[in-house]
Amino acid sequence: MKTSDSLQDFAYEEIKKRIQNGEYAPGTKLNTQEISDSLGISRSPVLAAINRLIALGLVEATPRKGTTVAQLSDTQIRNIIEARQMMELFCVKLCIRNIEYHPSIIKEMETVVQEFETALEAGYPAAAELETKFHTLYISLCGNPQIMKLYESNWSIGTMFYMYSATNLPLDQLRTSFHQHKEILNTLKAKDEAALRKIIEEHMSIVYETLEWYSQAAKH
């Protein structure tokens, strides 16, 4: 039997995932009863989960209007992206050092890289899930639980898919980014610190380009 805390965590992750993959687009009103029905749980953990998302800045609460998915500003998104880049680059040396100690993580990353081949055709949810899994595995390889906690709370991966869904950009434009995961993994396995830093920066440049598209779309 799931505890109230585990139900809250479940609701939190599911709602966050729906925001990330565009099912709940920016400005969407969150109906707690509909969400609880779709998740098969009571409203209490859903309300608690939404309050956590409000604290994270992904959801806004307005008196007499209820809760809606936040329309993040360019500055908010850039801050999130910069924090993500900082953590991924900081972990380069640690991840390389820990490769030999965590072969199971490398094996999982190899599996995810293979799954990227068909992810774009599967749509936003599948693509967002794989992207999140790959980078979370990479960060977990650094062996620092606090960095892992900060990375996950930063909603680092979700911003890219949030922007794509918000501006209706085709996922095909992420093809280059998806192909880079194989290069990231191979460079990591080769223990080439300088090359790994370079490919991570190139990978992040696509996220910044997406921010520019999002910014332009918001002006129209």
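Let me start with charge: the chain has 23 positive and 28 negative charges, and their mean positions lie 4 Å apart. Lys and Arg count as positive and Asp and Glu as negative, with His and the chain ends not counted. Each charge is placed at NZ of Lys, CZ of Arg, CG of Asp or CD of Glu.

Some ground rules. This is a predicted model, so local features need pLDDT of at least 70 and side-chain atom pairs count only at pLDDT 80 or more, while totals for chains, interfaces and linings use all residues. Residues are numbered from 1 along each chain as its sequence is written, and side-chain values use heavy atoms, with hydrogens and water left out.

Now the overall fold. The chain has ten helices and two strands; these are DSSP runs numbered from the N terminus, helices being H or I of at least four residues and strands E of at least two. In order from the N terminus, the elements read α-α-α-β-β-α-α-α-α-α-α-α. The radius of gyration is 18 Å against 17 Å from the globule rule for 220 residues, so the chain is as compact as a globular protein of that length. That radius is taken over C-alpha atoms, and the rule is 2.2 Å times the number of residues to the power 0.38. Along the principal axes, the C-alpha atoms fill a box of roughly 55 × 50 × 30 Å.

Next, surface and contacts. The accessible surface is about 11200 Å², and carbon and sulfur atoms hold 52% of that; the method is Shrake-Rupley with a 1.4 Å probe, and for residues only the protein chains shown count as cover. Of the 220 residues, 48% are buried, meaning under 20% relative accessible area, with exposed over 50% and partly exposed in between (1.4 Å probe, protein chains only). Of the contacts between residues at least 6 apart in sequence, 73% join residues at least 24 apart. A contact is heavy atoms within 4.5 Å.

On to the core. Which residues touch the most other members of the largest nonpolar core? They are Tyr138 and Leu188, in a core of 72 residues. Helix α4, residues 74-98, supplies the largest share, eleven residues. A nonpolar core here is a set of buried Ala, Val, Leu, Ile, Met, Phe, Trp, Tyr and Cys residues joined through side-chain atoms within 4.5 Å. Beyond four places in sequence, Tyr138 contacts Leu188 itself, and its other partners include Glu88, Cys91, Val92 and Cys95.

Helix α4 also holds Gln85. Gln85 is buried, at 16% relative accessible area, and beyond its sequence neighbours within four places it is in contact with Glu201, Met204 and Tyr208.

Another buried glutamine is Gln8, at 19%, in helix α1, residues 4-20. Setting aside residues up to four places away, Gln8 touches Pro45, Ala48, Ala49 and Arg52. From Gln8 to Gly27 is 19 residues in sequence and 23 Å in space, C-alpha to C-alpha.

Thr68 sits in strand β2, residues 66-69, and is buried at 18%.

Last, helix α8, residues 158-167. Nine of its ten residues are buried, among them Met160, Phe161, Tyr162 and Met163. Just after α8, Asn168 takes a positive phi of about 60°.
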